[in-house]
Amino acid sequence: MIGKWWQEAVFYQIYPRSFKDSNDDGIGDIRGIIEKLDYIKSLGVTALWVCPFYQSPMDDQGYDISDFYKISKDYGSLEDLFQLINELHERKMRLIIDLVLNHTSDEHPWFIESKRSKDNKYRDYYIWQQGNNGKPPSNWESFFGGSVWEYDKKTDEYYMHIFSQKMPDLNWNNKEMRRDMFNMMKWWLDKGIDGFRVDAVSHLNKNWDFPNRPIPKGREYSPCYDEFSNRLGVHERIKEMTEEVFSNYDIVTVGEAGGASIVDTINYCGYHRNEFNMLITFDHCWLDVSDDITYVPEKWTYKKLHLPDLKKSLSKYQVSLYNKAWNTLFWSNHDQPRVLSHYGNDSDAFRLLSAKMLATVLYFMRGTPFIYQGEEIGMTNVYFSNISDYRDVEVFTLYRETVLKNIASKEDILDRVHKRSRDNARTPMQWDDTAYAGFSKVKPWIKVNPNYIDINVKNNLNNMDSLYYYYQKIFKIRQDTKAFIYGKYALYLEDDPNIFMYTRTYKNECYLIIVNFFKHYIHLQVPNQLVNENAFIIISNYEGQRLNTKLYLRPYEAIVYCLN
Ligand code: TEU
Ligand code: CA
């Protein structure tokens, strides 16, 4: 299947709280997005994914929704959102919005009712269970740390929350709840949006036997995510959603399913599955976590990246999904550290080169690019020295479960937070070098990264060699070259620890992508069959070098050759 608009699209992800503040209250908003649409469009972006802007107590920055039909006062009004849709459509761009189905806020009227008594209509909208002799129903660990169960005194039962305590999980076995959710989805689609990114969808189905599972040494709960992730039953739910809602609209749907295997992925978004159009998974984002989970959950662990692991991970999806399903291509989002600090090199000397290398290696692959705000200007992780500068509930639970329980030192935890925290991606967008980076005229809800003086949109736009123009060029090339959209992928030198090299082939066209992933100089022997006298360079991050059987690659050098 080829030729769908979303296969040829370039998505730009916006985290509204941190993008642009239009009314100077320190919080980004919908009108701020509207102000910047021309900036985004000139990058070559054709569609936006905007993270949640619904009414919310903001325990998890809006993923905890207390009214699906209202816009948070922080972000504006429904009229603002309708204007955003219109302004996008006038520019021939599209909008997908976040659809959060796994949970609501504990301040949602459904949950307030649900808590009231065991026999009210909404009780069964959530997952309530009796305790086990004074203990929670199971020993499962929440993604945000601590137990997935929270005790409720009034009715003497526990409710499940796989994220924060303020995000009770919905019970997708309940038919009325599903009907209410489908109506909500239709309501939004009737407003003219072009699709959904479906949040945490892999968790809609749980193991209702709630078995206790082994607890790793030194830890309190069991990180047995498979009890509530990517279980087969979830596909029945998604199929029903497609039948009842999605299939009646000309839209795109992108599911988010952390931990989905290749088989799972094809189940979620295979061309003939009637589920989603694409899937977001994180295999390639987690290749530098270690198994040292003696006192912190896996996501806070670290080891050095082994490049062949990354090649294997990305290539596996490139190859296995061919003719079966369509890939998403992304390095970062609002839940990941900044890729430039994560897999690149954020030092002054190598920032630009490594950022261009990362863009080259990923965005010439097969699939739809999803870039994250600030990636195109080279934003980096932030290294706050105080825990109190962070805003993410996940950081607070980590701190509570380790430092406050005397399990780890403050320094240790801060170092892990520097590497992994989601707030790395959530500092305000850096527009220029004026106070607060031109994001707002007042102190923002989270501190600006101090490197905004150098790293900002204004500097990027004033320099033809900048990352912004490099991204623009990549997207232009993709748009003009079907081979980069539909061409077949083949990996070379899969065990080489430094070089990432692959080809894209389509009809009689062939392209060769070569990058040096690290900072040392490398002698590279290019396989003979790829070397061709007429090869020429399409894009590179240095003064280019002609294709030859022997190449000497400079730090982070990236080159794309046309071989025909
Ligand atoms: O993230 C979901 C998420 O991180 C997990 O579902 C993921 O699949 C898991 O870590 C895999 O092991 C989304 C949002 O992107 C995030 O910002 C929210 O905090 C979260 O859902 C809850 O809504
Ligand atoms: Ca604002």
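Before anything else, my bookkeeping for secondary structure: helices (H or I, at least four residues) and strands (E, at least two) are DSSP runs, numbered from the N terminus. With that in place I looked up Ala-437, which lies in the loop between α12 and α13 (457–461).

**Ground rules.** This is a predicted model, in which local features need pLDDT of at least 70 and side-chain atom pairs count only at pLDDT 80 or more, while totals for chains, interfaces and linings use all residues. Residues are numbered from 1 along each chain as its sequence is written, chains are lettered from A and ligands numbered from 1 in the order in which they are written, and side-chain values use heavy atoms, with hydrogens and water left out.

Entry: I stayed with Ala-437, whose phi is positive at about 60 degrees although the residue is not a glycine. Buried or exposed? For Ala-437, the answer is buried, at 0% relative accessibility. My cut-offs are under 20% relative accessible area for buried, over 50% for exposed and partly exposed in between, using a 1.4 Å probe and protein chains only. Next came Asn-406, another residue other than glycine with a positive phi, near 55 degrees. Asn-406 sits in the loop between α11 (393–401) and α12 (410–420), and its relative accessible area of 72% makes it exposed.

**Entry: the calcium site.** Which residues coordinate the calcium ion (ligand 2)? I found Asp-21 (OD), Asn-23 (OD1), Asp-25 (OD), Ile-27 (O) and Asp-29 (OD), at 2.2 to 2.4 Å. Donors here are N, O and S atoms within 2.8 Å of the metal (3.2 Å for Na, K and Ca), and sites may look incomplete because water is not among the atoms. Along the chain, the donors of this calcium ion follow the spacing D-x1-N-x1-D-x1-I-x1-D. I also checked accessibility: Asn-23 is partly exposed at 48%, whereas Ile-27 is buried at 12%.

**Entry: nonpolar cores.** I count as a core a set of buried Ala, Val, Leu, Ile, Met, Phe, Trp, Tyr and Cys residues joined through side-chain atoms within 4.5 Å. The largest one has 179 residues, and Tyr-12, Leu-48 and Phe-517 have the most contacts inside it. A second, separate core has 17 residues, among them Cys-510, Val-526, Leu-530 and Tyr-561. A reminder to myself: in soluble globular proteins, nonpolar side chains tend to be buried together.

**Entry: aromatic pairs.** How many aromatic pairs does a search of the whole structure find? The search gives 48. Rings of Phe, Tyr and Trp (its six-membered ring) pair if their centres lie within 6.5 Å; planes under 30 degrees apart count as stacked, over 60 as edge-to-face and the rest as tilted. Tyr-54 and Trp-188 have ring centres 5.7 Å apart and planes at 80 degrees, so I logged the pair as edge-to-face. This pair links distant parts of the chain, 134 residues apart, with Tyr-54 in strand β3 (residues 54–55) and Trp-188 in helix α5 (residues 175–190). Both Tyr-54 and Trp-188 are buried.

Phe-144 and Phe-163 are also edge-to-face, at 5.3 Å centre to centre with 65 degrees between the planes. Phe-144 is in the loop between β6 (128–129) and β7 (149–152) and Phe-163 in the loop between β8 (157–160) and α5, so the pair ties together parts 19 residues apart in sequence. Phe-144 and Phe-163 are both buried, and they belong to one aromatic cluster that also includes Trp-140, Phe-143, Trp-149, Trp-208, Phe-210, Tyr-225 and Phe-228.

**Entry: charges over rings.** My test is NZ of Lys or CZ of Arg within 6 Å of the ring centre and within 35 degrees of the ring normal. The charged end of Lys-36 sits over the ring of Trp-431, 4.2 Å from its centre. The charged end of Arg-94 does likewise over the ring of Trp-5, at 4.0 Å.

**Entry: helix α14.** Helix α14 (residues 467–480) has 14 residues and reaches 20 Å from its first C-alpha to its last, close to the expected 20 Å. The expected span is 1.5 Å times one less than the number of residues. Its buried residues include Tyr-468, Ile-474, Phe-475 and Arg-478.
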